[in-house]
Amino acid sequence: MESSNVALDRVKDALWSRYPGSDLELPILEGWYAYEVIRTAPKLVPPENFGTCLNLAAMGLAGEAGEVVDLIKKHQHHGAALDREKLIREAGDVLWYLQYLCEVLQISLDDIALQNVYKLRLRYPDGFNTADSIARKDEAAPALKV
């Protein structure tokens, strides 16, 4: 199993190979979206209302993800035309609640993205395959410190 430093280097190499010659810097996502989410969020202060805010983030994510699923279900199983624009709007609502969760947890979307890529690089060092999917080698690895 890779050490966390080797895995993180692989994550960075993957980013820079995907965007060669760019000025790609971490963080990738800037604070502008967080600002927009906070601007439109209920005026609850996460430290004093942590449980309420956490609950809102989790319920919102589940509800909006359910709306995405429902649109696809109606398209695939009920014969409805796929409303791509509505699907994009609902996906945006999922992103809003994910960013809100980040605000509640005092982390960034970049932290989540890096943690996820780190996990996937540990699990699938050479790309997806069924054996690695079943083995889940990443579950024994320490979390990436971001």
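Biologist: What makes up the chain, helices or strands?

Modeller: The chain has six helices and zero strands. Read along the sequence, the pattern is α-α-α-α-α-α.

Biologist: Where is confidence lowest, and where is it highest?

Modeller: Helix 1, residues 4–18, is lowest, with a mean of 64. Helix 3 is highest, at 97. The chain as a whole averages a pLDDT of 84, and 78% of the residues score at least 70. Where pLDDT is low, the predicted coordinates should not be read in detail.

Biologist: How do you know that Asp 70 and Lys 73 form a salt bridge?

Modeller: Take the closest N and O atoms: they are 2.9 Å apart. The cut-off is within 4 Å, so the pair counts as a salt bridge. Side chains of opposite charge can pair when their charged atoms come close.

Biologist: Where do Asp 70 and Lys 73 lie?

Modeller: Both are in helix 3, three residues apart, which is about one turn of the helix. An α-helix has 3.6 residues a turn, so residues three or four places apart point the same way. Asp 70 and Lys 73 also belong to a network of salt bridges that takes in Lys 74.

Biologist: Why is Asp 70 called partly exposed?

Modeller: Its relative accessible area is 27%. Buried needs under 20% and exposed needs over 50%, so Asp 70 falls in between. Lys 73, at 34%, is partly exposed because it falls in between too.

Biologist: Why is Asp 132 called buried?

Modeller: Asp 132 has 11% relative accessibility. The cut-off is under 20%, so Asp 132 counts as buried. Its salt-bridge partner is Lys 137, at 3.9 Å from N to O. Lys 137 has 41% relative accessibility and counts as partly exposed.

Biologist: What makes Glu 139 exposed?

Modeller: Glu 139 has a relative accessible area of 58%. Exposed means over 50%, so Glu 139 qualifies. Its side chain meets that of Arg 136 in a salt bridge, at 3.9 Å from N to O. Arg 136, at 32%, is partly exposed.

Biologist: How many salt bridges are there by this rule?

Modeller: The count comes to six.

Biologist: Which residues make up the largest nonpolar core?

Modeller: There are 10 residues in all. Among them are Tyr 33, Val 37, Cys 53, Trp 96 and Val 104. Helix 2 (31–40), helix 3 (50–78) and helix 4 (84–105) each give two or more residues to this core. Helix 4 gives the most, with five. Apart from this core lies another, of five residues, including Leu 114, Leu 122, Ala 141 and Leu 144.

Biologist: What makes such a set a nonpolar core?

Modeller: The residues must be buried and of a listed type, such as Val, Trp or Tyr, and joined through side-chain atoms within 4.5 Å. In soluble globular proteins, nonpolar side chains tend to be buried together.

Biologist: How do you know that the reach of helix 5 is close to the expected one?

Modeller: Helix 5, residues 109–123, has 15 residues. At 1.5 Å a residue, 21 Å is expected, and the helix reaches 21 Å from its first C-alpha to its last.

Biologist: Which residues of helix 5 are buried?

Modeller: They are Leu 109, Asp 110, Asp 111, Leu 114, Tyr 118, Leu 122 and Arg 123. In the chain, buried residues make up 27% of the 146 residues.

Key: Residues numbered from 1 in each chain as written. Predicted model: local features only at pLDDT ≥ 70, side-chain atom pairs only at ≥ 80, totals over all residues. Heavy atoms only, no water. Buried < 20%, exposed > 50% of the residue type's maximum accessible area, 1.4 Å probe, protein only. Helix = DSSP H or I, 4+ residues; strand = E, 2+ residues; numbered from the N terminus. Expected span 1.5 Å × (residues − 1). pLDDT = per-residue confidence, 0-100.
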